[in-house]
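Please consult the sequence and the structure while reading.

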Amino acid sequence: MTHPVAPIMLDLEGPRLTDDERRLLESRAVAGVILFSRNIEHAGQVKALCQDIRSVNGALLIAIDQEGGRVQRLINGVTRLPPMGAFGQMAKAQGAAVAAGAARDAGWLLGMEMAAVGIDFSFAPVLDLDSDRCPAIGNRAFSDEADTVVALAGAFIEGLGEAGMVACGKHYPGHGHVNTDSHETLPVDERPFKEIEANDLVPFKQLAPKLAAIMPAHVSYPSFDARPAGFSPSWLGLLRESLGFKGVIVSDDLSMKGAHGAGTPLERAHQALAAGCDLPLICNDRAGARSIVEAFESQSLEPSKKLGRLRFARARPELDALEALCRWRKTHARLEAMATSDTPVS
């Protein structure tokens, strides 16, 4: 069977490029780089690293997981962000309008700070519902209620857009109702499709027009398709056809245990692409990434024309200059307080 082939996104070993990585990033089979905590020392170093990456290959996208709370890769030199669940708590305590305004400002600040250090986009926001049972989600989610997630995540996405940055919603069609972590195993959500459709799918359906990218989950939903969503033509077809999503589908990390049932790293990449993925992502497995790059280099690459929409296209702000902005100062103070307190502040 012939599968489509597209460039991949991969990771780096440390805070500076190695000679081997420079050669790897020159490959036409590589579309982008994702930065992790091991690649990060402080904001200035990240800016220098991004500049170095682009000096090797100016076409590369650079992404990061900068959500807030326990998933914030860059901390030194930028604002400490609260988990998104703090905005859900704020909505209960102070009202939906107050929380939505704070979430919008948070998205704007995140976008401005990430743009200033050279990042194109963050894999955010999480659109999962927090059922209080999934170790991988928890307070990464805005709420356990779909309507609240739509309102707060929608405001966050608008804030990102005001900064000139696109949003990537995850983990389609919802990772919050399983009790295992897809980094460690393949979770199975046994609920009927109608229940998933009436709850977890709502944020993705409502926010699809605002999202430039969506990341599917390495979770199986056998009531609809036993294959993990990221390898399922049925789930990704539903995303395109019923939900009308026109952006980029980025796989979750193909090295996660939840993806291993699809075979070798190369077979996982082929299966993700065949299911409808536009950008396979593989991290923490250099040998696997190299096997994909070497295989794809010899084939006819078909990169999605949509990938360019993920690039930060405005003039990048200077990080030091953000302090001159009243909105940044107010938002920075509020988010720092939220990040260090269990009680959201206005």
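The model is predicted, so local features need pLDDT of at least 70 and side-chain atom pairs count only at pLDDT 80 or more, whereas totals for chains, interfaces and linings use all residues. Residues are numbered from 1 along each chain as its sequence is written, and side-chain values use heavy atoms, without hydrogens and water.

A salt bridge is a side-chain nitrogen of Lys or Arg within 4 Å of a carboxyl oxygen of Asp or Glu. The count comes to 25 salt bridges, among them the following pairs.

| Pair | N to O distance |
|---|---|
| R22 and D52 | 2.7 Å |
| D120 and R316 | 3.2 Å |
| K210 and E158 | 2.8 Å |

Because R22 lies in helix α1 (residues 19–25) and D52 in helix α2 (residues 43–56), their pair ties together parts that are 30 residues apart in sequence. Helices here are DSSP runs of H or I with at least four residues, and strands are runs of E with at least two, numbered from the N terminus. D120, at 1% relative accessibility, counts as buried, while R316, at 29%, is partly exposed; buried means under 20% relative accessible area, exposed over 50%, and partly exposed in between (1.4 Å probe, protein chains only). A network of salt bridges links D65, E67, R73, R140 and K170.

Helix α4 (residues 96–117) packs against helix α11 (residues 326–339) at about 110°, with their axes 10 Å apart. Axes are lines fitted to C-alpha atoms over the stretch in contact, and angles between N-to-C directions run from 0 to 180 degrees.
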